[in-house]
Amino acid sequence: MTQERASPPPLTKSEIVKEYLTAYNSVCALLWLSVFGRVVLLIPITGHESIYEAAGDITKWTQTVAVLEILHSAFGGLASIPASPSASNAPLHLQFASGNGLTIRAGLVRSPLPTTVLQVFSRLLLVWAVVDRFPAATSTSPFYSSMLVAWSATEVVRYSYFVLNLRGSVPGFMTWLRYNMFYVLYPVGITSECVLVWKASQAAGEPWRWVGWTVLGLYVPGMCFYSLA
């Protein structure tokens, strides 16, 4: 008589969420790595003029996927899955500015909803309403390239960190990169973003020029709030 094998127990809600977030963060890390690779490889060969053609579409849609992070944040709550202890070594304001804080929750992540919305929609504004709408004024600028380098380098490390964090083992160098690259890449990124908004506002006709200047006036204080949240 053959002995029947016991079926594996069904995954718990926390385990399902953990597997989903691992897959989501892994895919996002690979997509941003593709953006980073295209930009840094093409700049020495063809210059800034070809960056939009090579990386513009993948950047727009990769950033659009990040709308899911608003849903992740909106449905935060319930039982927690402890994150890697190494996360607690980061400065407190950066732990929460990072997007996932110190714990991943079953409902999906503990992340402040207002700051998540601010970050995601400010980037959507850049890729769709600024660069895609006014490519002649923005897409060939070195500041478009520098923005993509800052974004993609940050996101490759961030999403890779989250994957390792979910698996319970984050190397020390990854923790260091996660919470120290910010000090270099954030000024590069926000400076590039502001220059692109200004260039687009110059190219826009009335009254959109004034809208652009208003957005620019609100943008820096808003992103400073995000960085300290």
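**View 1. Buried residues of helix H9 in a predicted model.** In H9, the buried residues are Leu185, Gly189, Ile190, Ser192, Glu193, Cys194, Leu196, Val197, Ala200 and Ser201. Buried means under 20% relative accessible area, exposed means over 50%, and partly exposed lies in between (1.4 Å probe, protein chains only). Helix H9 covers residues 182–203. Its 22 residues should span 32 Å at 1.5 Å a residue, and the end C-alpha atoms are 31 Å apart, which agrees. The expected span is 1.5 Å times one less than the number of residues. Helices (H or I, at least four residues) and strands (E, at least two) are DSSP runs, numbered from the N terminus.

This is a predicted model: local features need pLDDT of at least 70, side-chain atom pairs count only at pLDDT 80 or more, and totals for chains, interfaces and linings use all residues. Residues are numbered from 1 along each chain as its sequence is written, and side-chain values use heavy atoms, without hydrogens and water.

**View 2. Ser73 and the backbone of Leu113.** Ser73 sits in helix H3, residues 68–74. Its relative accessibility is 8%, so Ser73 counts as buried. A polar atom of the Ser73 side chain lies 3.3 Å from the backbone nitrogen of Leu113.

**View 3. Leu68 and a nonpolar surface patch.** Leu68 also belongs to helix H3. Leu68 is partly exposed, at 35% relative accessible area. Together with Tyr20, Val65, Leu71 and Phe75, Leu68 forms a nonpolar patch on the surface. The patch has about 440 Å² of accessible area (Shrake-Rupley method, 1.4 Å probe; for residues, only the protein chains shown count as cover). Patch residues have over 30% relative accessible area and no salt bridge; like charges are joined within 9 Å, nonpolar side chains (Val, Leu, Ile, Met, Phe, Trp, Tyr) within 5 Å. A salt bridge puts a side-chain nitrogen of Lys or Arg within 4 Å of a carboxyl oxygen of Asp or Glu.

**View 4. Arg178 and Thr154.** Arg178 is part of helix H8, residues 172–180. With a relative accessible area of 10%, Arg178 is buried. Thr154 is 24 residues away along the chain, and the two C-alpha atoms are separated by 7.9 Å.

**View 5. The whole chain, for context.** The chain holds 10 helices and three strands. Their order along the sequence is α-α-α-β-α-β-β-α-α-α-α-α-α. Of the 229 residues, 45% are buried. The chain exposes about 11,700 Å², with 70% of it supplied by carbon and sulfur atoms.

How values were computed: Polar contact = N/O pair within 3.5 Å; in protein donor to acceptor, adjacent residues only side chain to side chain.
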